[in-house]
There are 2 protein chains.
Amino acid sequence: MPEGERITKRGAIRQENEARILAAAEKVFAEAGFGGATMQLIADMAGLPKANLHYYFPTKEELYRKVVRQIFEIWLHAADSFDEAPGPVEAIGAYVDAKMEISRSHPFGSKVWASEVMHGAPVIQDYLETTLREWTAGRARLIQKWVDEGKMAPIDPHHLLYMLWATTQHYADFGHQIETLNGGRPLSDRQWKAAKETVKSIILRGIGAI
Amino acid sequence: MPEGERITKRGAIRQENEARILAAAEKVFAEAGFGGATMQLIADMAGLPKANLHYYFPTKEELYRKVVRQIFEIWLHAADSFDEAPGPVEAIGAYVDAKMEISRSHPFGSKVWASEVMHGAPVIQDYLETTLREWTAGRARLIQKWVDEGKMAPIDPHHLLYMLWATTQHYADFGHQIETLNGGRPLSDRQWKAAKETVKSIILRGIGAI
DNA sequence: CTCGACCTTGACCATATGGTCAGGAAGCGA
DNA sequence: TCGCTTCCTGACCATATGGTCAAGGTCGAG
């Protein structure tokens, strides 16, 4: 068996350590930015000596790249909820729910993604131009179909998508600001639920779907 | 005259150089993040030797602080449009217009602000807890009043504000992504106008104000 | 013209950081 | 046990970067 992971302790060690490092890296990159993050910090957070990081990930760039790609995958998966729905109400409702859930459970990933895009997408530009562009075009067509079928008001699909992305990710990317304005405490379960409902309600009503 | 700027050439030099440096710093901080920005890069962009930067701004932190505060001021000013309006349609319409305009004219500032908040607001935490908190509370009361007067649907004012911030700033912070999805070309005048109209229309309809 | 304040800058320094490496430990098939 | 691969890590290095400094230039008031 020349390739593929064997179920040895070795394979397990590699898997575990890479996961630890990626998790630590995600957090550090999110909190300090790529430039502000140091391999030493990531190593400390992962509980490994710095030299060990370089054993698994040759360079800082490579590690960062892996982190960003990992996030991108999660993003795309969340988008599945868009397709398995008969109309805008179900699709957008499910999509908002999914993205808000991600904002809550993966705030670091969201920040890394935001940072990457804000800095001109140096490492995932190709993904933007291929995968994301296709995904967006597909969803835009779907939305346009709903418009044509009279299921919602004539809204430019792209701007609607931007609004969905912006609003849902805001709860992760600007979580600190929201927390500060919430008396310094994170949103409670109840508040998260209210946020989701408010966002869905404004948008669905706003596009004339309800 | 012990203080205040005299209208000498010296005063002009200081003013001009500080402005150059601040503009260059805003751009570099936006594109590289605080950690990724270097004084050398800022100096080159400003067309001055690095040592000269340190004459006007003793440390990188100090320079960054000035940049962030400058942005915050612009933000607050834009918010004026909120108050000089009789109801939600005019207020929110004007506010969205103003913020979209800022996103277009000051994309670097917006990114610096986003970056600062994403990293936990290390230098403007006090502003968040004082000025921004007060501003937000005031606007929230105003919105609540409109709700009570039946001028709009019963929406949680805070989530509405977050949505406004998120959506309008998205066009600056994620401008690169939008540009990529727009065929690699910046939004045209026409497209910006469409964006504004779409955002206003969805939100105003979404909160039941029209 | 002179003097002091303000401005300019090349050269320099201490430090932090990404990355390397050699030597050794641990796991595993035979 | 042997031998091979994978894994671990302290010590080390080259470089980049924030910041300093001293010497010199420019300006304007008196």
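1. **Ground rules.** The model is predicted, so local features need pLDDT of at least 70 and side-chain atom pairs count only at pLDDT 80 or more, while totals for chains, interfaces and linings use all residues. Residues are numbered from 1 along each chain as its sequence is written, chains are lettered from A and ligands numbered from 1 in the order in which they are written, and side-chain values use heavy atoms, with hydrogens and water left out.

2. **Overall build of chain A.** Chain A has eleven helices and zero strands. Helices (H or I, at least four residues) and strands (E, at least two) are DSSP runs, numbered from the N terminus. The C-alpha atoms fill a box of roughly 60 × 50 × 35 Å along the principal axes. Of the 210 residues of chain A, 50% count as buried. Here buried means under 20% relative accessible area, exposed over 50%, and partly exposed in between (1.4 Å probe, protein chains only).

3. **Contacts within chain A.** Take the contacts in chain A with a separation of 6 or more: residues 24 or more positions apart account for 70% of them. Contact means heavy atoms within 4.5 Å.

4. **Polar links across the interface.** The rule finds zero salt bridges between chain A and chain B. A salt bridge is a side-chain nitrogen of Lys or Arg within 4 Å of a carboxyl oxygen of Asp or Glu. Twelve residue pairs are in polar contact across the interface, with both residues at pLDDT 80 or more. A polar contact is a pair of N or O atoms within 3.5 Å; within protein, one must be able to donate a hydrogen and the other to accept it, and residues adjacent in sequence count only if both atoms are side-chain atoms.

5. **Salt bridges in helix α1 of chain B.** Over all chains the count comes to 16 salt bridges. One of them joins B:E18 and B:R14, with the closest N and O atoms 3.2 Å apart. Both residues lie in helix α1 of chain B, four residues apart, about one turn of the helix. B:E18 is partly exposed at 25%, and B:R14 is partly exposed at 38%. B:E16 and B:R20 also form a salt bridge, at 3.4 Å from N to O. That pair too is four residues apart in helix α1 of chain B, about one helical turn.

6. **A salt bridge between helices.** B:D83 and B:R139 meet in a salt bridge at 2.3 Å, N to O. B:D83 lies in helix α5 and B:R139 in helix α8 of chain B, so the pair ties together parts 56 residues apart in sequence. B:D83 is partly exposed at 40%, whereas B:R139 is buried at 12%. Elsewhere, shared partners join A:D97, A:E197 and A:K200 into one salt-bridge network.

7. **A buried lysine.** B:K99 sits in helix α6 of chain B. B:K99 is buried yet has no salt bridge; the nearest side chain of opposite charge, B:D173, is 8.1 Å away. For charge, Lys and Arg count as positive and Asp and Glu as negative; His and the chain ends are not counted. Leaving aside neighbours within four places in sequence, B:K99 is in contact with B:W75, B:W165, B:T168 and B:Q169.

8. A:A121 is not a glycine, yet has a positive phi of about 55°. A:A121 lies in the loop between α7 and α8 of chain A and counts as buried at 1% relative accessibility. In chain B, phi of B:A121 is near 50°. B:A121 is placed in the loop between α7 and α8 of chain B and is buried at 1%.
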